[in-house]
Amino acid sequence: MAGTGVLQNMDTGTTVTLKQLVKYMMAKDDDWATDILIQAMGGKKKTTKILDKLKFANTEVTTYIGDTDDTELGADNQTDASDVADALSRMYRRKLVSKKASKAMWKLLEKGTGPSALAAKLPTGATYDNIAHVNDDLGAVEEAAILFNKHGKGVIVVAMSEGGDTGLEQGAFHSLGKKVYHAVLK
């Protein structure tokens with residue numbers, strides 16, 4: 001299995017807790033951590049059933065993130081912007097899983113996973129919390145963010161693009177974030 005993130009650089013036999021795996025998955029974009037968590041939940045089909053119970057009907061786990069053999073055969077996990085936005089909204093309101101777990105997950109997002117393409121052109125005083133992923137090999141840019149104005153009012157923005165030039169896609173995300181901010185939060 002291929003992977004990204006911090007786990008691939010750890011010594012063989014290193015013990016990692018489920019809590020650490022969630023942190024690596026959310027805050028470090030660690031594919032291996034994601035795959036281990038999917039396995040810990042009972043595999044791909046069981047994870048999809050759990051997501052269905054959480055009312056994420058448009059999300060399906062059909063392959064492990066780091067399984068390049070599956071992706072070369074055309075297998076790909078599916079989600080849509082509405083499921084991602086709903087997850088962010090419920091996490092922010094502390095209603096995704098439990099209040100405690102939702103709060104802990106949100107704390108990880110507050111640190112972000114790196115620079116935000118959606119927040120790149122926001123005015124001074126604006127802030128954001130996000131999770132983002134760029135894969136140059138697939139031409140994929142994905143980001144989910146809550147953009148906040150200086151008064152604390154926020155808007156959720158989810159953008160996903162695949163199969164193009166990631167530099168151009170990120171430029172489009174810059175423009176999208178700025179336009180949504182000015183339309184909703186100004």
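Colleague: What should I know about the model before we start?

Modeller: It is a predicted model, where local features need pLDDT of at least 70, side-chain atom pairs count only at pLDDT 80 or more, and totals for chains, interfaces and linings use all residues. Residues are numbered from 1 along each chain as its sequence is written, and side-chain values use heavy atoms, with hydrogens and water left out.

Colleague: Happy with that. How many helices and strands does the protein have, and what makes a run count as one?

Modeller: The protein has seven helices and three strands. Along the sequence the pattern reads α-α-α-α-α-α-β-β-β-α.

Colleague: Why is serine 102 called buried?

Modeller: Buried means under 20% relative accessible area, exposed means over 50%, and partly exposed is in between (1.4 Å probe, protein chains only). Serine 102 has a relative accessible area of 0%, so it is buried. Its place is in helix α6, residues 99-110. Of the 186 residues of the protein, 35% count as buried.

Colleague: Which residues is serine 102 in contact with, leaving aside neighbours within four places in sequence?

Modeller: Contact means heavy atoms within 4.5 Å. With those neighbours set aside, serine 102 is in contact with Arg90, Met91, Arg94, Lys95, Leu96 and Val97.

Colleague: Arginine 94 is on that list. Why does arginine 94 count as partly exposed?

Modeller: Its relative accessibility is 25%, so arginine 94 counts as partly exposed. Arginine 94 is found in the loop between α5 (81-92) and α6. Its phi is near 65 degrees, a positive value in a residue other than glycine.

Colleague: On to the strands. How do you know that β1 and β2 pair?

Modeller: Two strands pair if DSSP finds at least two bridges between them. Nine bridges join β1 (residues 127-135) to β2 (residues 140-148), so the two strands qualify, and they run antiparallel. One example is asparagine 130, whose bridge partner in β2 is alanine 145. The hairpin of β1 and β2 has four residues between the strands, and there glycine 139 takes a positive phi near 65 degrees.

Colleague: And why is glycine 154 called partly exposed?

Modeller: Glycine 154 counts as partly exposed because its relative accessibility is 38%. It is found in strand β3, residues 154-161. Leaving aside neighbours within four places in sequence, glycine 154 is in contact with Ile146, Leu147, Phe148 and Leu185. Tyrosine 181 is 27 residues from glycine 154 along the chain, and their C-alpha atoms are separated by 8.8 Å.

Colleague: Last one: how do you know whether the radius of gyration agrees with a compact globule?

Modeller: The radius is taken over C-alpha atoms, and the globule rule is 2.2 Å times the number of residues to the power 0.38. With 186 residues, a compact globule would have a radius near 16 Å; the protein has 17 Å, so the value agrees. Along its principal axes the C-alpha trace spans about 50 × 40 × 35 Å.
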